[in-house]
Amino acid sequence: MSRRSRSHNRYSSPYGREKSRNIPSPLPYLLVALLAGVGLAYFHFFVFKSLTGSITNAYTGAAMPGVPVRLYSGASEVLTATVSPSLSVTATTGPTGAFIFQKLPAKPVLAVNMEGYASQRVDAEGKQSVDIKLVPNILSGTVSGDDGKPVEGATIWGGGVITHTAEDGTYELKDLPSDRKLVVKAPGYLSTSVQFGQVVTQDVELKPVFPRAIYLSADSIASPGKLSTLLDLVDRTELNAVVIDVKADNSGTVLYDSKLPIVKQFGASDPIISNLDAFLRRLQERDVYIIARLAVFWDQAATSAKPEWALKSKAAPGQPWLDAYGRRWANPHNPQVWEYNLDIAKEVATRGVNEVQFDIAYFPSNGALVDIDYGPDGAGKIRVDAIAGFLDAAQKELTPLGTYVSVDALGLTPFVQDDMGVGQQFDELLARADYVSPFVYPSDFADQFLDYEKPAEHPADVVAQSLMQAVRRAGGAPKIRPWLQDFSREVEYDAIKVRAEIDSAEQNGASGWMLWNFGNVYTEGALKAP
């Protein structure tokens with residue numbers, strides 16, 4: 001074979017002719033591959049787009065396996081919760097907290113709802129990967145006193161959610177507030193607020209308090225000499241608390257420098273206590289527990305400004321009903337009356353009182369009661385529900401401020417099962433107020449009460465029997481703080497009798513006590529040294 005024939009790649013055709021071999025061009029194959037790749041990419045990213053992601057604990061960064069992740073369609077509607085979304089598909093995170101969706105609907109939204117964590121919804125439109133950090137939203141812990149003993153029945157408030165501690169002092173609060181703040185209060189202790197961080201457990205310690213109080217009228221507070229004398233008495237004795245008037249008994253005038261527009265609008269302002277803030281600071285410097293006494297429904301000022309708020313007369317339609325003293329009463333069924341009084345309560349709470357004590361939180365007890373027209377607000381309702389509803393509203397408004405809610409009660413309420421005709425059923429008061437304060441004035445009880453010809457001559461026994469009844473009905477909870485008598489009526493009340501009341505209250509389960517003397521003249525000999 002010639003050199004030429006060896007150097008050329010030739011083959012013989014069937015026709016006997018020599019033909020050169022042609023190598024195919026790769027271009028068509030590349031074009032096909034490119035089109036296939038584009039098609040796959042189109043279907044992957046635009047038609048059957050996939051989405052990967054992971055779920056971790058926002059506090060610890062740990063992966064969270066076993067978390068269900070739901071995929072919905074309709075981003076804007078689902079994210080704003082304006083519609084109820086239809087479920088498209090669900091995935092569950094694996095051991096590393098990862099999840100994947102192979103196909104996505106239009107406007108995809110991911111939703112994660114895991115017990116113990118805040119729910120999340122994430123707009124996944126245009127995304128190939130989504131990492132979600134779940135924030136724990138259950139806080140648990142224990143409330144105890146400074147002696148380490150658990151506090152049962154403590155109220156825990158956080159972001160509008162309220163719970164109470166169990167017998168062992170433990171609690172669990174769900175749906176935590178964004179401000180990470182707890183307010184904790186329990187009868188027999190000072191309230192406290194706690195800021196907590198990225199934790200799932202928060203223990204709280206409460207400082208015990210046993211208020212031993214005297215009543216201070218606005219007139220006494222406004223008299224520098226008398227006020228100094230009374231505060232000196234607090235300094236020299238076991239006294240550690242005061243009850244101050246912020247709204248007058250029957251006039252309904254507001255006795256401090258209120259900033260509430262409605263008080264001025266009603267012409268109800270009578271700021272005898274001209275600088276409440278300065279006065280409260282003076283008390284706080286002495287570490288004095290401050291109780292603001294607020295008379296509720298016996299109110300001439302509000303019913304004058306708002307006649308429609310008053311109880312009406314059946315005999316004289318449209319005219320206010322008058323009690324035996326010729327005085328008007330605000331209708332306890334009227335929610336606007338509640339709101340007005342609670343606005344005052346919130347104002348003094350924010351200015352620094354520890355507790356708001358609602359007095360005259362009941363219906364009239366004298367006069368032509370059958371003539372009372374309760375109007376549409378009272379239609380089909382009973383007295384007990386009105387008083388209970390008001391106290392529920394008070395708790396809702398004052399608990400977030402860390403302020404205690406207390407209510408004064410007629411002296412016989414612990415002994416009877418009904419509402420005394422005025423809406424104060426003792427068990428209902430106990431269920432709603434932090435403290436219930438019956439008027440345990442031996443001189444107020446009728447002759448032959450407890451088989452005593454004159455109960456006023458037996459202060460220790462009258463107080464003991466009253467407290468035993470009240471504490472029994474409170475289930476032993478430290479919710480009873482009585483008003484005690486430090487005034488004379490028919491029977492002279494000297495240091496021995498006043499001290500007998502105090503000792504009897506303390507020995508029979510009282511959570512503190514308060515002395516009443518209208519003129520604010522107290523028997524120092526009945527008081528122990530601090």
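**Exercise 1. State the accessible surface of the chain and the share that belongs to carbon and sulfur atoms.**

Solution. The accessible surface is about 25300 Å², computed by the Shrake-Rupley method with a 1.4 Å probe. Carbon and sulfur atoms hold 52% of this surface. Of the 530 residues, 48% are buried; buried means under 20% relative accessible area, exposed over 50%, and partly exposed in between (1.4 Å probe, protein chains only).

The model is predicted: local features need pLDDT of at least 70, side-chain atom pairs count only at pLDDT 80 or more, and totals for chains, interfaces and linings use all residues. Residues are numbered from 1 along each chain as its sequence is written, and side-chain values use heavy atoms, with hydrogens and water left out.

**Exercise 2. Describe the largest nonpolar core and the surroundings of F358.**

Solution. A nonpolar core is a set of buried Ala, Val, Leu, Ile, Met, Phe, Trp, Tyr and Cys residues joined through side-chain atoms within 4.5 Å. The largest one has 107 residues, and I214, I244 and F358 have the most contacts inside it. Helix α9 (residues 335-350) gives the most to this core, with 8 residues; helices (H or I, at least four residues) and strands (E, at least two) are DSSP runs, numbered from the N terminus.

Next, set aside the neighbours of F358 within four places in sequence. Its contacts (heavy atoms within 4.5 Å) then include L294, L342, A345, F390 and V407. A second, separate core of 18 residues includes F101, L110, Y117 and I132.

**Exercise 3. Give the strand order of the open sheet of 3 strands and identify its edge strands.**

Solution. The order is β6-β3-β9, with mixed pairing; two strands pair if DSSP finds at least two bridges between them. The edge strands are β6 (98-101) and β9 (129-134), each pairing on one side only. Strand β3 (residues 51-57) runs parallel to β9 and is joined to it by 6 bridges. N57 stands opposite L134 in β9.
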